[in-house]
Amino acid sequence: MIKAKILLIVTILITQFTFSQQKSRADRFFEKGDYINAASQYEEELNQEGYTKHILKNITTSYYNTFQFRQAYRYLKILTSGKFYDKDKTYDNQYNFMMYQVLSALGEYEKSVEYLSLYKSNNTVRDFSASDAISTIEDFKLKDDDYTIASAAFNSEASEFGAIRKDSILYFTTDRRSYGPLDKNYRWTHRPFLDIYKVKVDQDNKPVSEIETISKEINSKLHEGNFCFTADGNTIYISKSNSEKGKKKFDSINNNAIHLYKAIKVDGKWGTPKKLEFNDVNYSIEHPSLNVTGDTLYFSSNMPGGYGDFDIYFVAVNKDGTYGEPTNLGPTINTENREQFPFISEKGNLFFSSNGHLGLGMMDIFVSELRKRKFIRPINLGAPINSSYDDFSITYYNETDGFFASNRKKAGDDIYTFSQIGDIFPREYRARFEVRDYTTDNYIANPDVVLYNNDNVKIYESRLDSIAAFDIKIFPGRYNFKASANKYKARTKPLVVKEKEEETYIIYLDRAKDAVVTDENEDKNRIRIKDSTNIDERTRISESNTERKKEEITKTRLREILLADKDGPPVIERNGKLYFDMPPIYFDYDKWNIRADSKKVLDKLAAKLERYKTVYINISSHTDSRGTESYNQVLSAKRAESTRNYLALVGYVNARRMQFVGFGESQPLIDCDSKVCTEEDHQTNRRSEFEIVRY
């Protein structure tokens, strides 16, 4: 009997050893969640075995999970195009969604939406429109900033996120250091496990004390992540690795879930965290947030019965310390992908992060307004809060100020401070629309006007009087402004209505070619040649020619002076035209605000234009190739306009001396159609040029 047992054990060990030999070293790293080492090992296997579906799937996932999106795209492109050795060219639909995310992170959102459309179609979603999706993304990219942001002063080389301020103490989550030299690192990041830290800060959120751990009772050798406090600060809810007596608890497929714990402060000291009763070993419950009254707890979970991946739920917090049943917030908030990091504002509005709703790329932060005790359709907060990378864990500590986290600058996360400066929920603004003559800038009498919204629905229609203008309260967004008048060419102008009161939008019309000029002043200034005054007229023409010759000599001399003057931006000649040779006027991706580094450049140009008051310039702006042609056309026009406005409003250059035009992506210096350009390549294409058109 004993021999039989020994034989059985040996057989099992041999079987396990044989099975383990079928798995490569890369596979073993991958299964343990060590994606950094897995990617490195899969690279070696690719050199030996070539492109197999198995390796492509896993190396793609490894690079994606470690935020190395260019490498992930390299292999995703091969996988999704079927250019691998296996006869079966099919692949899981999740890789279409991954391709959508990766291309969005690289700024190629028009291409990314093609994969999102394929992903939706394979999931039997029939009402998805790629063109509508692109239009939606462009709309919130073109809206004015509602926030100003800055990197927090206490960031380090480690990851920091989940900041919450209580009075003058700021708490946050970080993996900045371990407890001791023998402590293990987290396999996924090769960094220490997450802990909660605290620091005293001043009114500008700058540290005025040493950064220290919140409590040895709270932190452990495993993860402590996102958390929230009750209003009095004496109870904390924590996302924490599921464990008992300091050891991880695993589910049936060997995953260590994240659970919610609660700890209470007594006499200034935190007690031991206790698990909430609705946790389950088979799934995660994390990212807690309490409403202002403390009777409802919101969280994220991948529990069964949701809409897909992680959803946002809530439970009632009863006065006796018990909890209600977890309730899913439903399809208005949750998607088949990931919704996490809920935060409930004092007004009851829900902020959260999602990669399932349309965004700028990866996880974006959204807000859903609470109306009649229901959360309405979420709104993307747009830039600068959101970027093409992960943006998450937003919290407010007063009505306008707070924190969020992002990995836009590095592979790890950083905390950013913000101030809300605009309305985040749509409201109507009073706007003025005018019809003017392109040449004279005068009103055009009695024009017919129509204003259409982006769905081509008429918002306003009328025949105006001699004052060719009308005022209307209107929501920000895209519109088409059409105007026609007698003896003028009709025109329709696409425009973006800003989140700003009393903004004026002008459409300029050109005269028709066969129109007769009737301007009285112009008639008086004409020279009429008659037989009785023929000699006098010839004399006047001769004098005029002499004056013109003097003018040409003056222009020639001024041209020489401009080319020789090296004080300020120099003037250069290119293809027979004069340009100010300017350092690059940089714009952040997708934005048109004049950056601080570019203001110094424009200040020098303004000073030089002040010295040469007869010089007129044309400002042309160019974008990179990311985005649609129509979007980039609008974006470049806004950049050129903001450059002109800065020179006029800050540099005091007469606005009539400056024209501006946007060329969109039509004239790149580096062709990005045939390759995936680097950020430096795109920055080179995002430029402004300053041509001297008159002097």
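This talk walks through one predicted protein model, from the whole chain down to single residues.

Some ground rules. This model is predicted, so local features need pLDDT of at least 70 and side-chain atom pairs count only at pLDDT 80 or more, while totals for chains, interfaces and linings use all residues. Residues are numbered from 1 along each chain as its sequence is written, and side-chain values use heavy atoms, with hydrogens and water left out.

The whole chain to begin with. The protein chain has 13 helices and 37 strands. Helices (H or I, at least four residues) and strands (E, at least two) are DSSP runs, numbered from the N terminus. Of its 695 residues, 47% count as buried. Buried means under 20% relative accessible area, exposed means over 50%, and partly exposed is in between, with a 1.4 Å probe and protein chains only. The accessible surface comes to about 36900 Å². Carbon and sulfur atoms hold 49% of that surface. These areas come from the Shrake-Rupley method with a 1.4 Å probe; for residues, only the protein chains shown count as cover.

Now contacts, meaning heavy atoms within 4.5 Å. Take those with a separation of 6 or more: residues 24 or more positions apart account for 55% of them.

Next, a helix pair. At what angle do α3 and α4 pack? The angle is about 150°, and the axes are 9 Å apart. Axes are lines fitted to C-alpha atoms, for helices over the stretch in contact, and angles run from 0 to 180 degrees between N-to-C directions. α3 covers residues 35-49, and α4 covers 53-65. From α3, the contact includes Tyr 35, Ala 38, Tyr 42 and Leu 46. From α4, Ile 55, Ile 59 and Tyr 63 are among the residues they meet.

Phe 67 lies in the loop between α4 and α5 (69-81). Its phi is near 65°, a positive value in a residue other than glycine. Phe 67 is partly exposed, at 32% relative accessibility.

Asp 167 also has a positive phi, about 60°, and is not a glycine. Asp 167 sits in the loop between β2 (160-166) and β3 (169-174). Is Asp 167 buried or exposed? Exposed, at 72% relative accessibility.

On to the sheets. Strands of a sheet pair through backbone hydrogen bonds, either parallel or antiparallel. Here, two strands pair if DSSP finds at least two bridges between them. β23 joins β24 (residues 401-406) through 4 bridges. There, Phe 392 stands opposite Ala 405.

Pro 384 lies in the loop between β22 (379-380) and β23 (391-396).

Last stop: β35, residues 616-622. How many of its 7 residues are buried? The count is 6. β35 runs antiparallel to β37 (residues 687-694), with 7 bridges. β35 also pairs with β36 (residues 658-662), in the parallel sense, over 5 bridges. Look at Ser 620. Ser 620 stands opposite Glu 689 in β37, and its bridge partner in β36 is Val 661.
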